[in-house]
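Visitor: I would like a close look at a single part of this protein, taken slowly. Please show me the model before we start.

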Amino acid sequence: FDDLGRGYKTYMYTLIHCTANWKPSDLNNNEYIEGFAEDEIFDFKYSSNTDVPYTHYDVSFPNQNMKILNSGNYIVKVFPVNKNDEPILTRRFMVYESKIGIKMDIKRATDVNESYFRQEIDFKLNHDGYDITNSYDNLKVVLMQNYRWDNAITGLKPRFINDTELNYDYNSSENVFDANNEFRAFDIKSTQYQTARIKSIAYDKVDKLEHVYLLDDEARSFKKYYNQPDLNGNFLVKRNGSDDNDTQADYVKVHFSLPYSVPFQDGSLYIIGKFTDWKFKEDLKLDYDTINKRYTKPILLKQGYYDYVYCFVKDGSKNKGDISTIEGSHYEAENEYSILVYHRGVNDYYDRLVGFASGKNRD
């Protein structure tokens with residue numbers, strides 16, 4: 001991660017073990033970590049030849065000071081020294097055991113009323129060699145689309161059980177997602193020339209930043225589907241000609257613009273993608289320009305290649321967004337789906353992550 005500004009600061013990090021529902025588990029630190037409960041981040045470098053000065057910090061784990069003992073959900077927390085309760089960032093990650101075999105079938109929704117805009121994920125679990133005494137109560141299955149948590153499907157129960165095989169093949173909408181659309185993208189690996197989605201690039205002497213203005217986007221909710229390759233929401237930090245992207249990629253101000261005749265009255269628009277951690281952050285909420293009738297937002301981003309979409313969040317539901325409102329939804333769109341299987345056995349006192357699989361509907 002980068003700390004914008006000059007100079008070195010002492011940062012610590014720790015790991016928090018969580019339940020399948022992302023609540024801190026009942027385990028003590030020494031029950032899921034071998035070594036230090038907290039450790040300092042020693043690896044840092046200063047930015048080089050950038051308009052925006054920053055310090056880049058890096059830590060890899062497990063390492064000799066901190067080893068992970070158990071599977072399950074984890075949160076890594078980074079904080080200033082002696083300020084454990086004031087984190088500068090947190091990030092989710094999972095550690096899994098390969099105890100359960102998973103077979104996925106990603107297809108158009110079975111329901112004819114949803115088959116043109118939704119995708120269905122049927123799957124089977126095989127726990128041959130791994131004892132599960134009560135699969136209805138002791139197993140928790142999570143379906144994810146492009147590693148988003150805001151629209152993850154939980155609470156699924158097997159429809160059929162045949163010896164060690166659990167069948168999750170539904171005929172209704174329990175395991176169905178909006179297919180949405182292919183992601184929009186822009187390339188700012190260089191500010192010396194304009195790529196396909198760039199309208200103009202200008203240096204501002206006041207804030208001493210390169211400003212990148214994207215071409216106007218358009219709402220695609222009623223547009224025909226157009227197949228184009230994307231990264232399923234991912235991004236890449238890179239500066240063309242750089243020897244070290246971590247410290248030589250600069251920060252630029254990227255300006256988004258979405259013409260829209262009337263602003264939403266019951267919710268807000270956000271820009272989301274992997275670079276936002278799929279979260280609806282206040283500094284990524286678009287503002288409506290009543291004079292020019294458009295949603296706009298300038299965002300400071302590190303040079304690279306970015307996938308993104310516009311997501312509508314209804315008032316009062318900040319944890320769940322709807323991409324199809326602006327982007328549309330087409331069964332042909334490519335998405336990556338993941339299945340996570342958690343198990344808490346009779347003698348277990350935490351949720352083990354005993355199975356994981358991922359796949360795309362065009363694999």
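Visitor: Which residue in S25 stands opposite Val-141?

Guide: This is a predicted model, and the residue opposite Val-141 in it is Val-341 of S25. The two strands to look at are S12, which covers residues 139–145, and S25, which covers residues 336–343. They run antiparallel to each other and are paired over 7 bridges. Another pair to find is Leu-143 with Ile-339, its bridge partner in S25. Strands of a sheet pair through backbone hydrogen bonds, and the pairing may be parallel or antiparallel.

Now widen the view to the sheet. S12 belongs to an open sheet of 3 strands, arranged in the order S12-S25-S26 with antiparallel pairing. S12 and S26 (352–360) are the edge strands, each pairing on one side only. From one strand to the next, the twist averages 15°.

For S12, 6 of the 7 residues are buried, so the strand counts as mostly covered, with buried meaning under 20% relative accessible area. In soluble globular proteins, nonpolar side chains tend to be buried together.

The largest nonpolar core has 24 residues, and Phe-186, Ile-188, Val-254 and Phe-256 have the most contacts inside it. Five strands, S18 (209–214), S20 (251–259), S21 (267–272), S23 (294–302) and S24 (304–314), each supply at least two residues of this core. Leu-143 is found elsewhere: a second, separate core of 22 residues includes Leu-143 along with Ile-102, Tyr-168 and Ala-357.

For another strand, turn to S14 (residues 165–168), where Asn-167 lies. Asn-167 counts as buried because its relative accessibility is 14%. Leaving out residues up to four places away in sequence, Asn-167 touches Phe-123, Lys-124, Pro-158, Arg-159 and Phe-160.

S8 (residues 72–80) and S9 pair over 7 bridges, and Ile-75 stands opposite Arg-92 in S9.

Methods:
Residues are numbered from 1 along each chain as its sequence is written. This is a predicted model: local features need pLDDT of at least 70, side-chain atom pairs count only at pLDDT 80 or more; totals for chains, interfaces and linings use all residues. Side-chain values use heavy atoms; hydrogens and water are left out. Helices (H or I, at least four residues) and strands (E, at least two) are DSSP runs, numbered from the N terminus. Buried means under 20% relative accessible area, exposed over 50%, partly exposed in between (1.4 Å probe, protein chains only). Contact means heavy atoms within 4.5 Å. Two strands pair if DSSP finds at least two bridges between them. Axes are lines fitted to C-alpha atoms, for helices over the stretch in contact, and angles run from 0 to 180 degrees between N-to-C directions. A nonpolar core is a set of buried Ala, Val, Leu, Ile, Met, Phe, Trp, Tyr and Cys residues joined through side-chain atoms within 4.5 Å.
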